Amino acid sequence: MVEDRPILNLLAHLVLIMGVLVVAFPVWLAFVASTHEATAFTSGVIPLWPGTQGPENYAVMLGQGVSTSGAPPLMLMMTNSLIMALIIACGKIAISITSAFAIVYFRFPFRNLAFWAIFITLMLPVEVRIVPTFKVVADLGLLNSYAGLTVPLIASATATFLFRQVFLTIPDELMEAARIDGAGPMKFFRDMLIPLSRTNIAALFVILFIYGWNQYLWPLLVTTDAKFYTVVAGIKRMAEVADAIPQWNFVMAAVMLAMLPPVAVVVFMQRLFVKGLVETEK
Amino acid sequence: MKRTIFGNQGLPWLLLAPQLAVTLVFFLWPAGQAVWQSFLREDAFGLKTSFIGLENYAALFRDPQYLNSMQVTAVFSISVAVLSLGLALLLALAVDRMLASSRIYTTLLVWPYAVAPVVAGIMWWFIFNPTIGIMPYVLRQMGYDWNHGLNGNDAMVLVVIASSWKQISYNFLFFVAGLQAIPASLREAAAIDGAGPVKRFFTITLPLLSPTTFFLLVVTITYTLFDTFPVIHATTEGGPAQSTNILVYKVFNDGFLGLNLGSSAAQSVILMAIVIGLTVIQFRWIERRVEY
């Protein structure tokens, strides 16, 4: 702020409060809808203030699901989402940190080719190669499995670049010292590089967890068995029925539960989240 | 480049193996398949395939539905970019004036980043539901009969709002960082010379913010081209009458539901070319920023 202008300050507060309200508006309505009975949505306009059915609605969704729309209990779907998000986040970090280590600390034939092969994944989002990728996964017999849900998404150029960048800033003297002390490459990797990139790993984990949890198209395609449904992909199946049979309260309870974990991660780990976001864009 | 390295020859391949294996099997091979398939024609039963060169591409550019899809994508992308960048800049400028409360406001504004696009789509779909939604009710009072199931413009407005709502948080964070990187002394000097806030914004802040704006424009366009698939799929499904059938949704629709593999593959290849173009632009911009 350069100069004190009370009117501008007031205006800025006004803009921000409006912004916060607009951003929160759909979530408030979703929350309100999730606390009413199904009959509240049959006619007229939707309620704007919470009802009393909240605990019952959430209990039904978590425990039994909605059989009419083929939705298994949300407890199961959320567990699947959690497993998927954790495997994707940890998997991406694990294979990227070793790749970056290989690219930065070794000289070997075709090193540049390997680097470019990884780089290219940046340009091939799953949406554009969806049919052939699906076919590969089907041929490998990975449909309806956690491996099929996660492994095809696990390559990461962004994470590899991030760790490469981090390693390049680590002084060469550290490695020389480690070698003089008789440490081999894996010992150096385990005892020096990983501890030194701990905060980068944590920041990246936050971003990748959100990425993994919010996967939509891929889980929708590779899971046909309700045992492997994830909550984000499952919402579409529920909402399809909501137009015909009014059960907006249940759909909105699912919506609230689907966004709760990733939003909580952003709110409670805001510093790591911002760090991760900025770093992955470099 | 490191001056000192480890001498092993086998170990780096072992370290790279998992990443390269996933890349080859699930990225490069399918992408190659898509390119190859885009030159083939398969008959309705998948019994006979014949090589037809660029015919699939030629057919696409003769197809009014594909040309319509391109136009729809352009309208959609530009609308989301303008709306989400504009609002994010406004909010970032306001936060930049705050001292003590900036952290609270930031927290309250960034969380939609974590909301899945499909969830954003469903929430706005609910708000705009023609029979019970709150917005159609308000609009009816004002004399407008909203129905995104019948009116293509209404459907477009719905998906634009839902997609922008989610992207504002991201653009906001980067605009705030961009504003903080502008040296305060520049704006102070201008203020001493008698430039008011509006003049300072247009002569100092906006030009110095242009690298950030350009970067966010590229990121947002990439977002509208690919990551908004769930919004379309969960709400309008490309309709009504193709009015929200964006390119990435059409690839999916033609390939999985229409089973027109050759055409879908050709569309995939065109989309890949677009991503490659956008990625190159993004990386060239970053190189320039480093020099700067």
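Predicted model: local features only at pLDDT ≥ 70, side-chain atom pairs only at ≥ 80, totals over all residues.
Let's take the topics one by one.

- What does A:I235 touch, leaving aside its neighbours within four places in sequence? Within chain A, the contacts of A:I235 are A:A254, A:V255 and A:A258. From chain B, A:I235 meets B:V118, B:V119 and B:I122.

**Where the two chains meet**

**A closer look at A:Y216**

- A:Y216 sits in the loop between α10 (198-213) and α11 (217-222) of chain A.
- Is A:Y216 buried or exposed? A:Y216 counts as buried because it has 23 C-beta neighbours inside 10 Å, and the cut-off for buried is 20 or more.
- Not counting residues up to four places away in sequence, A:Y216 touches A:V232 and A:A233 in chain A, and B:A116, B:P117, B:V118 and B:P230 in chain B.
- B:V118 is a contact of A:Y216, and B:V118 is also a contact of A:I235.
- A:Y216 and A:T98 are 118 residues apart along the chain, and their C-alpha atoms are separated by 28 Å.

**Chain B as a whole**

- Chain B has 292 residues, of which 43% count as buried.
- How many helices and strands are there in chain B? There are 13 helices and two strands.
- The C-alpha trace of chain B spans about 75 × 75 × 30 Å along its principal axes.
- Take the contacts in chain B with a separation of 6 or more: residues 24 or more positions apart account for 69% of them.

**Two helix pairs in chain B**

- Two packed helices are described by the angle between their axes and the distance between the axes.
- α3(B) passes α10(B) in a right-handed crossing.
- The α3(B) side of this contact includes B:F76, B:V80 and B:L85, and the residues they and their partners meet in α10(B) include B:L216, B:T220 and B:I221.
- The residues of the contact of α3(B) with α10(B) divide into eight nonpolar, five polar and no charged.
- In the second pair, helix α5 (residues 117-127) and helix α7 (residues 152-180) of chain B pack at an angle of about 130 degrees, with axes 9 Å apart. α5(B) is therefore oblique to α7(B).
- α5(B) passes α7(B) in a right-handed crossing.
- From α5(B), B:P117, B:A120, B:G121, B:W124 and B:W125 meet B:L158, B:I161, B:A162, B:W165 and B:K166 in α7(B).
- This contact of α5(B) with α7(B) divides into eight nonpolar residues, one polar and one charged.
- How many residues of α5(B) are buried? The helix is mostly covered, with 11 of its 11 residues buried; B:V118, B:V119 and B:I122 are among them.

**Two residues with positive phi**

- Most residues other than glycine have a negative phi.
- A:F110 has a phi near 65 degrees, a positive value in a residue other than glycine. A:F110 is in the loop between α3 and α4 of chain A, and counts as exposed because it has 11 C-beta neighbours inside 10 Å.
- B:A241 is not a glycine either, yet its phi is positive, at about 50 degrees. B:A241 lies in the loop between α11 (229-234) and α12 (247-257) of chain B.
- Why does B:A241 count as exposed? B:A241 has 12 C-beta neighbours inside 10 Å, and 12 or fewer means exposed.

Technical notes: Residues numbered from 1 in each chain as written. Chains lettered and ligands numbered in written order. Contact = placed C-beta atoms within 7 Å. Helix = DSSP H or I, 4+ residues; strand = E, 2+ residues; numbered from the N terminus. Left-handed = near helix turned anticlockwise from the far one by under 90°. Nonpolar A, V, L, I, M, F, W, Y, C, P; charged D, E, K, R; others polar. Axes fitted to C-alpha atoms, helices over the stretch in contact; angles between N-to-C directions. Parallel < 35°, antiparallel > 145°, perpendicular 65-115°, else oblique.
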